[in-house]
Amino acid sequence: MNILLVEDDPKLGRLIQFKLNKEGFRVKWALNADEADMFIERDTFDIFLLDWMMPKKNGIAFCKELRAARNLTPILILTAKDAISDKVMGLNAGADDYLVKPFAFEELIARLQALHRRKETNWNGELLDLGETLQIRISTMEVVRSGSPVTLTRREFQLLVFMAEHPGQVLSREQLQNRVWGMDAEITLNAVDAAIKLLRKKVDDPFQDKMIQSVRGMGYRLTVKEISRV
């Protein structure tokens, strides 16, 4: 599980990163929201672990910003605030869970695992709706582009779903390779380019509006006008 920790307390941030890494998680640690944005531009994460009380831009503001940018990654807020009104504020900002400091690491790990299970479960039978342009039903691998059904191979479907999970975000070839083929897959990055080319033939070529864009020297992104989950 790949986690982005955003915590401005160096001592606590270092401790959380160390303990979670020791448990087998992969944790990147940012001291503030601006630094977190740089990590998000370069990598994809399964969960965001955000401290509420950060300088400049606090965790709630950053959470709202992520949701406004259509980033659907599960978010767990860490905070010393324990009033019901504070919990409601965090959840209304788009957070998926809330953990009050000080906390036991066993509870943090359990909550992270629960969020990850929930994320995986939510894809079963879920409709990912990108407005009138594209609809994806996960359980049946059905894809509809501008009202027309599109038949994809399993690999093409996995690529499209991963890109649709991160609309508008530039995904590097390495990210696509690691997430779709697996980190241990013995393929070259040219195989990623070839798969994207085949996906474009089916999803983009027959239609006027092109969704899959190449970003020179960086990777690919899926551009959408609106997105919702049902």
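Leaving aside residues up to four places away in sequence, Asn2 touches Arg26, Asp43, Thr44, Phe45, Asp46 and Ile47. The model is predicted. Asn2 belongs to strand 1, which covers residues 2-6. The protein chain as a whole holds eight helices and twelve strands.

**Asn2 and its surroundings**
- Asn2 has 7% relative accessibility, so Asn2 counts as buried; the cut-off for buried is under 20%.
- The side chains of Asn2 and Asp43 are joined by a polar contact of 3.3 Å.
- Asp43 is also among the residues that Asn2 touches.
- Other residues that Asn2 touches include Arg26 and Phe45.

**Overall dimensions**
- The protein chain has 230 residues and a radius of gyration of 19 Å.
- A compact globule with 230 residues would have a radius of gyration near 17 Å, and the value for the protein chain agrees with this.
- The C-alpha trace spans about 55 × 40 × 30 Å along its principal axes.

**Packing and contacts**
- Of the 230 residues, 46% count as buried.
- Take the contacts between residues at least 6 apart in sequence: 56% of them join residues at least 24 apart.

**Surface and charge**
- The accessible surface of the protein chain is about 12000 Å².
- Carbon and sulfur atoms account for 51% of that surface.
- The protein chain carries 34 positive and 33 negative charges.
- The mean positions of the positive and negative charges lie 2 Å apart.

How values were computed
Residues numbered from 1 in each chain as written. Predicted model: local features only at pLDDT ≥ 70, side-chain atom pairs only at ≥ 80, totals over all residues. Heavy atoms only, no water. Helix = DSSP H or I, 4+ residues; strand = E, 2+ residues; numbered from the N terminus. Rg over C-alpha atoms; globule rule 2.2 N^0.38 Å. Buried < 20%, exposed > 50% of the residue type's maximum accessible area, 1.4 Å probe, protein only. Contact = heavy atoms within 4.5 Å. Areas by Shrake-Rupley, 256 points an atom, 1.4 Å probe, with all protein chains shown as cover. Lys, Arg positive; Asp, Glu negative; His and termini not counted. Charge placed at Lys NZ, Arg CZ, Asp CG, Glu CD. Polar contact = N/O pair within 3.5 Å; in protein donor to acceptor, adjacent residues only side chain to side chain.
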